[in-house]
Structure formats: structure tokens, C-alpha cells
Amino acid sequence: DRSSSALGLNGVANINLGAPLPFMVPNGLPRFIPTAMGSVNLNYTTERYALTFNIDGGVRSRAHHSDSYIERRRNGETKEIDSLSQNSIHSNYMLSAKAGFEYYFDKQTSLLLSYQLRRGNRRRTSGIESFDLFNSITDSLHYNQADTNDNRHTNHTFNLSFVKKFDRPEQQLNIDLAYTMRRGDGNGWQEQSYLFLPAQYANYYLRESETDNNGNHANIQVNYVHPFSETLRLEAGYEGQLRHSDQNYRYYMTTYSAPAVLQEHMYDDQSSTHYLYNQQIHAVYATLGAKLFEKVSAQAGLRGEYSTVEGSDENHPTTQRVDKDYWQLYPTLHLSYDISKTQSLQLSYSRRVRRPGMWGLNPYLNIREGQELSFGNPGLDPEFTNAFELSYNLGIDKVNIFTSAYYRQTNNMM
């Protein structure tokens, strides 16, 4: 509702500042991490239309430091005592600008158009210093490890929202469309260097990366609410998601093929990946809510989904491709009983789904910080869960007590 007091131009500006790094870090890492955010919101409203403009941005950072000692034994005898010093700094630089235009055809019908630009730059720098305190100073287990990543992205999002209200209370039609274009790139390197021979040459490790991360994402939703009476209400609609992603990761290795013989910036075909991913989800749903008796109400719903997923690594055409489609039904049922004005009992059942993400399906081997390995499984199928829940609510004056018990049975757990 647009009251006369809300017409005209109004706005709000905010600025939040953070604190410096609370501990000392080794040379080569920043000693101050900024944290600051700001925003400006402007709105201009008339009887017929409204204009909005929002801009916010800043930097958010966090840091980690730890020292630890690890003793390794074999047959009760100490073989190694490692001293580990770990430091990491994560910074996220953000900028977002959004402009919107809403037009009121009448008091019950409106159309909203908006555009949002989001840009970001994520940086991560970490280091590990490891020393074997038990063995000789010339032991090969003394090493330094460094890891840095710098990733940038730009998102363009277009939205359309149409609202139609009817004369009957709560009767309403909503149509929402959203389309996002993402463009991103990045680079990084991981290095592990040993301090003494022979590991200084044999175990040296430098891995450099270049990435392109592009994709498009569309959402469509049509929702209609129809109240037949004060005790009977129907909600139905359609929801669609279409996603395309193009991930291109190129890696280069630098190692010693022999003492003092350095092989620099060699393309690593085995680790590099160019993964194309497409997913579509189309769903129709309906929910019927009714007050069955004076103290008993119920809500029953059914959602039918058809989904497809395709994935392939263009760099390695012999790896297993993903090409699957599913048709599934997801019923829900909720029963509520008002024991008294202060007590109520609820019983519910629902069937849920959890789908594997793109990186869960991609068999590409990801190496992080020189020692953390992860990879996906193209054979993964969605996970389905049947959930049952019984809950009790008690309200006494300003105190509310809620208890519940549930049982969940999951098929094809990931």
C-alpha cells in the first residue's frame, strides 16, 4: 500500500568499519586486513510508479593463525616431531548496484522490472612452515608451503515480477522471471619447497592455475492462490530452472627433472579440465489447505518434477559423461490439532530431494594447498528422503515451549 507519507524521495546511507589483524604473521603476508562495508538506498515513489536505486560494497576479511606440534611413533618409539605454523588470510571485495522500476496499473495490479550488477574479487593467501624437531637439521622433512588464489566475477541479473490481486481476499497471481549471466576468471599458485637436500630438488612442487568461470541461469515461477472459502484454500503453480555452466581450469607445473634442472610452466593436461554442465528442472505443484473441524486443520500437497542433467569434460572426452533424466513425485501432508488456546499438536510428512552439484559429478581431481584432494563421481544419483515429524507447542504468557521428534529415511545417500 502506498500512503501519502511514503510518496516522494527518501533514502538511507550506512557505513560499517572493522578492525585490524589481531596477531602477527610471517613476512610475505599482509599485517592488516581491512573490513569495511557501505551502502546507499534511494527510493522515489508516486501514485503511479516507483523508482529504486541501491548500491553497496566494501571488503570483508578474515584470518587464521595456529601453531601445533605433532609426534609420530612407531612400535612405541618416537620417529618424528613436527612443528607446524599455519597462517591464512581471506579477503572478499564486493560491489553491487541495483536499479528498479515498478508500475502500478491499478491498486491490484503491478509490474516490477529490475537490473542488478554484482562484481567481486576473492583473494586467499596461506602459508605453512614445517620443521622436524626430532631428526637432523639436514633432514628432508623441513619444508615451506604457500598457496594463493585471486578470483574475479561479474554478474548481470534481470528480473520481471507481475502481481495481480483479485477482489476476493488472498486470491492472487504472481509471475516471476529472473535471468543471470555470470562471467568470471582467476589465477593462483601452490608451492611446496624443501629446505635441504636431497628433497630440495626431488620434492619441489609449483602448480599454477588459470580459470574461466562462465554461466547462465534462468528461473521461472507462476503461482496462483485461490481461496474457495474461509476454511478452504488452493495454491498451484509452475517452477522452472535452467542452468548452463562452462568451467575451464588450466594448470601448469614446475618441477626439477634432475638436480638444478628446472622444468618451468609445463602444461598439465591430466589435471586441466574444461567442464560443460547443463541442468533443467521443471515442476508443477498444488497444495490444498482446509480447516476440517473446529480444532483440526490439514494441508496436503503434491509436487511433480522432471529434471535433466548433462555434463562432459571437453579436455578428456574418454571420461564418463553425465546424461540423466528423472521424473519424481514429492507429496506432503501436515495435520494440526489445537488442544487448547495455549497448546497445539502437529504431525507432518514430506518427501524431499538433494541433488548432486556440478562439482559432485565432475571426476576432475582438485588439489588444494598441495595436500587436499577432491573429485566428483559422474555416477551419483539424487538423494531422496522421507521425513516424519511430530511436534508439540505450549505458550504460557510470554514463554513459548516447542518440542519435536522426527524420523527420516534416506534412499541413495550421497
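In strand β7, Met-181 is the bridge partner of His-156. Strands here are DSSP runs of E of at least two residues, and helices are runs of H or I of at least four, both numbered from the N terminus. Two strands count as paired if DSSP finds at least two bridges between them. The model is predicted: local features need pLDDT of at least 70, side-chain atom pairs count only at pLDDT 80 or more, and totals for chains, interfaces and linings use all residues. Residues are numbered from 1 along each chain as its sequence is written, and side-chain values use heavy atoms, with hydrogens and water left out.

β6 and β7 pair in the antiparallel sense over 23 bridges. The two strands form a hairpin with six residues between them. Glu-170 lies in the turn and has a positive phi of about 75°. β6 also pairs with strand β5 (residues 109–132). That pairing is antiparallel too and comprises 22 bridges. Within it, Thr-125 has Thr-148 of β6 as its bridge partner.

The hairpin turn also takes part in a salt bridge. A salt bridge is defined as a side-chain nitrogen of Lys or Arg within 4 Å of a carboxyl oxygen of Asp or Glu. The whole structure holds 13 of them. In one, Arg-233 meets Glu-170, with the closest N and O atoms 3.5 Å apart. Arg-233 lies in strand β9, whereas Glu-170 lies in the loop between β6 (143–165) and β7 (172–194), so the pair ties together parts that are 63 residues apart in sequence. Accessibility was classed by relative accessible area: buried is under 20%, exposed is over 50%, and partly exposed is in between (1.4 Å probe, protein chains only). Glu-170 is exposed, at 57%. Arg-233 is partly exposed, at 34%.

Arg-303 forms a salt bridge with Glu-239, with the closest N and O atoms 3.1 Å apart. This pair links distant parts of the chain: Arg-303 is in strand β12 (residues 296–313) and Glu-239 is in strand β9, 64 residues apart. Arg-303 is partly exposed, with 22% relative accessibility. Glu-239 is likewise partly exposed, at 22%. Arg-303 also meets Glu-305 in a salt bridge, at 2.7 Å from N to O. Glu-305 is buried, at 7% relative accessibility. Elsewhere, salt bridges that share partners join Arg-123, Asp-150, Arg-152 and Asp-185 into one network.

Aromatic contacts were examined next. Rings of Phe, Tyr and Trp (its six-membered ring) pair if their centres lie within 6.5 Å; planes under 30 degrees apart count as stacked, over 60 as edge-to-face and the rest as tilted. The structure holds 10 such pairs. One of them joins Tyr-204 and Tyr-256, whose centres are 5.5 Å apart and whose planes meet at 75°, so the pair is edge-to-face. Tyr-204 lies in the loop between α1 (199–202) and β8 (205–229), and Tyr-256 lies in strand β9 (residues 232–258), so the contact ties together parts that are 52 residues apart in sequence. Tyr-204 is buried, with a relative accessible area of 15%. Tyr-256 is partly exposed, at 25%.

Tyr-349 and Phe-388 form a tilted pair, 4.9 Å centre to centre with 40° between the planes. Tyr-349 lies in strand β14 (residues 343–354) and Phe-388 in strand β17 (residues 383–396), so this pair ties together parts that are 39 residues apart in sequence. Ring pairs link Tyr-349, Phe-388 and Tyr-407 into a cluster.

Charges also sit over rings. The criterion is NZ of Lys or CZ of Arg within 6 Å of the ring centre and within 35 degrees of the ring normal. Arg-207 lies over the face of Tyr-251, at 3.8 Å from the ring centre. Lys-164 lies over the face of Phe-166, at 5.9 Å.

A nonpolar surface patch of about 820 Å² was also found. Its residues are Leu-9, Val-40, Leu-42, Tyr-44, Leu-51, Phe-53, Ile-55, Leu-95, Phe-101 and Leu-113. Patches are made of residues with over 30% relative accessible area and no salt bridge; like charges are joined within 9 Å, and nonpolar side chains (Val, Leu, Ile, Met, Phe, Trp, Tyr) within 5 Å. Areas come from the Shrake-Rupley method with a 1.4 Å probe, and for residues only the protein chains shown count as cover. β2 (36–45), β3 (49–74) and β4 (77–106) each supply at least two residues of the patch. Phe-53 is placed in strand β3. Phe-53 is partly exposed, with a relative accessible area of 35%.
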